[in-house]
Amino acid sequence: MKKVVYIFVALMLLAGCTIDAPIVYDPDLRLLFHPEMYHHIDDEQAPAFPHGQDISVCAWTGDREWLPLSRAFSQEVPLTDSIRKIQVTDTLWVLEEEVLWPSRNQVLSVTAYSPHDEDCEVDREKGVQWSTDVLEEQVDLLYSHKERNRQGNVNNNIFHLPFNHALSRVSFYVKNRVDNNGAHDVFNRPHLITVTNIVVEGVKHSGSFCSLPSPTWTLDDDVQTLEIFDGSFLTSGTPEPIGNIWLMVPQTFNTKIFVQFQYTTVEPTTITQRLGTVPLTATIEPGRDYIYTLSVGIDDVLFLQERIEDRLKK
């Protein structure tokens, strides 16, 4: 009977030691972050993450939260060059309180977003969760997937975080198609086309985003008119940028673009027109620039071209 009691007590003590065991840091290395802009093509250089822009980070080891959602900010940090064995400095992101890497045999998973003060939630299953209305705020949300690293003593104990853009960006260029054939007004000016307003109708403007298990947008059904330009813009025969550059929730367009303009003849007579394009049917994806060029004639507005750029590489 005594043997059974001794075994039971021994097991209880062993369990107690496991629960109360101190956290082991192996090696004792400060947790540092290096945010990077993700790019798709290996040979192209990605832009640097904006210095001075804080990030929010959260970390887990397995099912255990290792680091609650915390602010990290940029700072010059002294490092040892592993090749030349000399002291150097680099701009890295540090936590307000010093946190060490976990032990070698634990996998550290980190999820992050920026700007730090944006209203986001982070958890282990859904990653970064965010809701926005681009008509109310133009925030270029950056997020990092759940990145993993097993060893803190690799790369000077720096955790590299590639960031992605959650939104798309749309802008417009405009030119005219006026064939003057040598005709000019009394002031020796050719026919003129002055754009006064450009709008995109039927645009989805709000929705919710989560980064895991894969980046996903759930858009609201409401659509609104998006104003690109309102003013006075004298066009030329060469495409020129016009109006606002909009951050937009990724979506598939099926809408027209309406252009209001004044056409001035050689008499001179000014005619005001408001004309729409053919329906724009295109899908805009996160992290890309979409540049549409409008060609304005006397009685029509055409799409001259569409240029798509990966702004993650700009």
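Two strands count as paired here if DSSP finds at least two bridges between them. I take strands from DSSP too: they are E runs of at least two residues, numbered from the N terminus, while helices are H or I runs of at least four residues.

**Ground rules**

I noted that this is a predicted model, in which local features need pLDDT of at least 70, side-chain atom pairs count only at pLDDT 80 or more, and totals for chains, interfaces and linings use all residues. Residues are numbered from 1 along each chain as its sequence is written, and side-chain values use heavy atoms, with hydrogens and water left out.

**Entry 1: the sheet with strand 6**

I started with strand 6 and strand 7 (residues 127–133), which pair in the antiparallel sense over 4 bridges. One pair I looked up was E121, whose bridge partner in strand 7 is Q129.

A reminder to myself: strands of a sheet pair through backbone hydrogen bonds, either parallel or antiparallel.

Next I went through the peptide bonds. Most residues other than glycine have a negative phi, and most peptide bonds are trans.

- The bond from S114 to P115 is cis, with omega near 5 degrees. P115 sits in the loop between strand 5 (108–114) and strand 6.
- The bond joining L212 and P213 is cis as well, with omega about 0 degrees. P213 has its place in the loop between strand 12 (206–210) and strand 13.

**Entry 2: L212, a loop residue**

Is L212 buried or exposed? I found that L212 lies in the loop between strand 12 and strand 13, and it is buried, with a relative accessible area of 12%. (Buried means under 20% relative accessible area, exposed over 50%, and partly exposed in between, using a 1.4 Å probe and protein chains only.)

Which residues does L212 touch? Leaving out residues up to four places away in sequence, I listed R124, E125, K126, G127, H145 and K146. Contact means heavy atoms within 4.5 Å. I also checked L212 against D123: they are 89 residues apart along the chain, and their C-alpha atoms are separated by 9.4 Å.

**Entry 3: S109 in strand 5**

S109 is part of strand 5. S109 counts as buried because its relative accessibility is 8%. Leaving out residues up to four places away in sequence, S109 touches C58, A59, W60, K146, E147 and R148. For E147 I noted the spacing too: S109 and E147 are 38 residues apart in sequence and 5.4 Å apart in space, C-alpha to C-alpha.

Another open sheet of 4 strands has the order 14-11-17-18, and its pairing is antiparallel. Strand 14 and strand 18 (270–276) are at the edges with a single partner strand each, so one side of each has no neighbour in the sheet. The twist averages 15 degrees from one strand to the next.

I went along the order pair by pair.

- Strand 11 (residues 192–204) and strand 14 run antiparallel and are joined by 8 bridges; K204 stands opposite V223 in strand 14.
- Strand 11 and strand 17 pair over 8 bridges, again antiparallel; I198 is opposite V259 in strand 17.
- Strand 17 and strand 18 run antiparallel with 7 bridges; T264 is opposite T270 in strand 18.

Last, I looked for empty space. Rolling a probe the size of a water molecule over the atoms shows where empty space is left. On a 1 Å grid over the protein atoms alone, a cavity is a set of points where a 1.4 Å probe fits but cannot get out, and lining residues have an atom within 4 Å of a point. Grid points are joined across faces, edges and corners, and a volume is the space filled by probe spheres set on the points.

The search of the whole structure finds 1 cavity of 30 Å³ or more. The largest cavity holds about 40 Å³ of space.

What lines the largest cavity? I wrote down V170, F172, V200, L226, I228, M248, F253 and L280. Strand 10 (168–176) and strand 14 (223–234) each supply at least two residues of this lining. By type, the lining has 8 nonpolar residues, no polar and no charged. (Ala, Val, Leu, Ile, Met, Phe, Trp, Tyr, Cys and Pro count as nonpolar, Asp, Glu, Lys and Arg as charged, and the others, Gly among them, as polar.)

Definitions and conventions
On a 1 Å grid over the protein atoms alone, a cavity is a set of points where a 1.4 Å probe fits but cannot get out, and a pocket is an open set with protein on both sides within 12 Å along at least five of seven lines; lining residues have an atom within 4 Å of a point. Axes are lines fitted to C-alpha atoms, for helices over the stretch in contact, and angles run from 0 to 180 degrees between N-to-C directions.
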